[in-house]
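Have the viewer open while you read.

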Amino acid sequence: MTLDARLSAVLAFIRADTHADIGTDHAALPLALIESGRCRKVIAAELHPGPLQLAQVAVLRAGRGQQIEVRQGDGFAPIAPNEIQSASLTGMGARTMLGILERAAHLPRALILQPNAEPEALRRWATTHGYHLTAEALVPGFWRYPVLKFEQAPGADPAYSGVPQAAALRYGPHLLMAADPHLHAELRAQERRFSALAVYGRPGVLGELRVVQDALAFLLAAPTSAP
Ligand SMILES: C[S@@+](CC[C@H](N)C(=O)[O-])C[C@H]1O[C@@H](n2cnc3c(N)ncnc32)[C@H](O)[C@@H]1O
């Protein structure tokens with residue numbers, strides 16, 4: 001089974017003995033995690049009956065019933081304490097993910113999150129819930145998909161030191177530090193959008209434009225930035 005660029009980027013951030021994919025739908029990620037050898041066992045969790053059945057059929061057809069357990073339930077509810085080392089939530093809105101994280105009675109050491117939009121809400125959540133942002137990617141596709149890896153660690157997250165805070169929370173400290181070319185393209189697009197709206201002088205828009213311009217200035221001055 002071949003994964004698209006979005007799920008391939010998620011896969012690259014996962015390595016665990018036992019992993020859970022929450023909201024698995026077609027179970028493409030669990031199958032690729034087993035077939036690539038990145039995990040020994042994967043729990044494919046799904047809330048809704050239709051996607052749950054899709055996952056069950058995909059796992060049986062691939063003959064991976066020994067390594068992938070499909071379970072039904074809301075978020076982390078079907079996972080036992082200390083059963084997994086990492087979990088992924090992909091292809092959902094950040095608000096849905098936050099609800100799942102907030103309702104979880106126990107969370108694993110590593111979380112790999114790929115929201116469709118609003119990654120800032122997840123970066124903010126992590127800063128107050130004992131996780132550090134240890135890796136990020138922005139993947140071109142239907143739109144640019146953020147992929148975030150968080151790992152439990154004590155104290156303040158060092159990823160945010162030396163980067164403008166509002167820009168880092170909005171656009172990603174690692175992406176800014178690495179002068180990521182996809183982030184550069186995204187920032188140019190945002191700058192055009194907010195500059196066009198700024199002529200009306202609304203404070204909210206002017207604030208957004210300032211964050212974009214701070215991010216662009218930092219990215220262009222980063223040591224890894226292209227000349
Ligand atoms: C848009 S699909 C994404 C599927 C796959 N993760 C991907 O990235 O391609 C979102 C899936 O999450 C499931 N889902 C939504 N809320 C959930 C919850 N609270 N617990 C478990 N699954 C949930 C939906 O039923 C749906 O199958």
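This is a predicted model: local features need pLDDT of at least 70, side-chain atom pairs count only at pLDDT 80 or more; totals for chains, interfaces and linings use all residues.

Residues are numbered from 1 along each chain as its sequence is written, and side-chain values use heavy atoms, with hydrogens and water left out.

There are 18 residues around the ligand, and Arg6, Glu46, His48, Asp74 and Thr90 come nearest (near means a heavy atom within 4 Å). By class, that shell has five nonpolar, eight polar (Gly counts here) and five charged (Asp, Glu, Lys, Arg) residues. Strand 4 gives the largest share, three residues (strands are DSSP E runs of at least two residues, helices H or I runs of at least four, numbered from the N terminus).

The table lists some polar contacts, meaning N or O pairs within 3.5 Å.

| Residue atom | Ligand atom | Distance |
|---|---|---|
| Gly23 backbone N or O | nitrogen | 2.8 Å |
| His26 polar side-chain atom | oxygen | 3.0 Å |
| Gly75 backbone N or O | nitrogen | 2.8 Å |

The protein covers 82% of the 600 Å² of accessible area that the ligand has on its own (Shrake-Rupley, 1.4 Å probe).

Now for the backbone. Glu118 has a positive phi near 55° and lies in the loop between strand 5 (110-115) and helix 5 (119-127). For Ala179, phi is also positive, near 50°, and the loop runs between helix 7 (173-177) and helix 8 (181-198).

Key. A polar contact is a pair of N or O atoms within 3.5 Å; within protein, one must be able to donate a hydrogen and the other to accept it, and residues adjacent in sequence count only if both atoms are side-chain atoms.
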